[in-house]
Amino acid sequence: LPMGIDCDKEVWADYAALGGNMLCSDPLYCNASLLIDDLSSNASNNSACPPNSHCISDGPGLHQCVCNSGYHGYKCIQKTGLFPYAAFFSGCIASGIAIVMIDFVIRLFIRKRRLHSGIQ
């Protein structure tokens, strides 16, 4: 920030004059003791961020929760992994076979009924 403008002390934990400008750092909304480089940590950072995530500054008075490595989705609760292809395709094949078998039995029943009633 320009020298005439002070850092908001309710937003920034650390501020200093640097080369004619004001340098605001360590937003209070993010816990400064949490190392952003340690993304494997599952510890909560005492902010509004859920577990398995960390806080990054997104501007003055703003923060953003970013999922740690290995997690994704709503509130960072889903572990990243491979799609279960075997289970998915096994279910699709089994469902397809079941539908074909049910159709075969229904057609067989209808055919026998027509034969007994004399309708071809």
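Asp103 is partly exposed, with a relative accessible area of 35%. Here buried means under 20% relative accessible area, exposed means over 50%, and partly exposed lies in between (1.4 Å probe, protein chains only). The model is predicted, so local features need pLDDT of at least 70 and side-chain atom pairs count only at pLDDT 80 or more, while totals for chains, interfaces and linings use all residues. Residues are numbered from 1 along each chain as its sequence is written, and side-chain values use heavy atoms, with hydrogens and water left out.

**Exercise: a charged pair**

Find the salt bridge that Asp103 forms and state where its two residues lie.

Solution. 
- Start with the rule: a side-chain nitrogen of Lys or Arg must be within 4 Å of a carboxyl oxygen of Asp or Glu.
- By this rule the count is 1 salt bridge.
- The partner of Asp103 is Arg107, with an N to O distance of 3.0 Å.
- Both residues belong to helix H1 and are 4 residues apart, about one turn of the helix.
- An α-helix has 3.6 residues a turn, so residues three or four places apart point the same way.
- Arg107 is exposed, at a relative accessible area of 52%.

**Exercise: the helix itself**

Compare the span of H1 with the expected span, and state how many of its residues are buried.

Solution. 
- Helices are DSSP runs of H or I with at least four residues, strands are runs of E with at least two, and both are numbered from the N terminus.
- H1 covers residues 85-117.
- The expected span is 1.5 Å times one less than the number of residues.
- With 33 residues, H1 reaches 48 Å from its first C-alpha to its last, close to the 48 Å expected.
- The count of buried residues in H1 is 0, so the helix is hardly covered.
- After H1 comes Gly118, with a positive phi near 90°.

**Exercise: a nonpolar patch**

Which residues make the nonpolar surface patch of about 770 Å²?

Solution. 
- Patch members have over 30% relative accessible area and no salt bridge; like charges are joined within 9 Å, and nonpolar side chains (Val, Leu, Ile, Met, Phe, Trp, Tyr) within 5 Å.
- Accessible areas come from the Shrake-Rupley method with a 1.4 Å probe; for residues, only the protein chains shown count as cover.
- The patch consists of Phe83, Tyr85, Phe88, Phe89, Ile93, Ile97 and Met101.
- Take Ile97 as a check: this residue of H1 is partly exposed at 47%.

**Exercise: the disulfide**

Which two cysteines form the disulfide, and what is its handedness?

Solution. 
- A disulfide is a pair of cysteine sulfur atoms within 2.5 Å.
- The whole structure contains 1 disulfide, and it joins Cys67 to Cys76 with an S to S distance of 2.0 Å.
- The torsion about the S-S bond is about -90°, so this disulfide is left-handed.
- Cys67 is partly exposed at 26%, whereas Cys76 is buried at 5%.
- Cys76 sits in the loop between strand S5 (71-72) and strand S6 (78-79), and has a positive phi near 55° without being a glycine.

**Exercise: into strand S3**

Describe Asn52 and Ser53.

Solution. 
- Asn52 lies in the loop between strand S2 (21-27) and S3.
- Its phi is positive, about 65°, although Asn52 is not a glycine.
- At 14% relative accessibility, Asn52 is buried.
- Ser53 belongs to strand S3 (residues 53-57) and is buried at 1%.
- A polar atom of the Ser53 side chain lies 2.5 Å from the backbone oxygen of Pro50.

Terms used: Polar contact = N/O pair within 3.5 Å; in protein donor to acceptor, adjacent residues only side chain to side chain.
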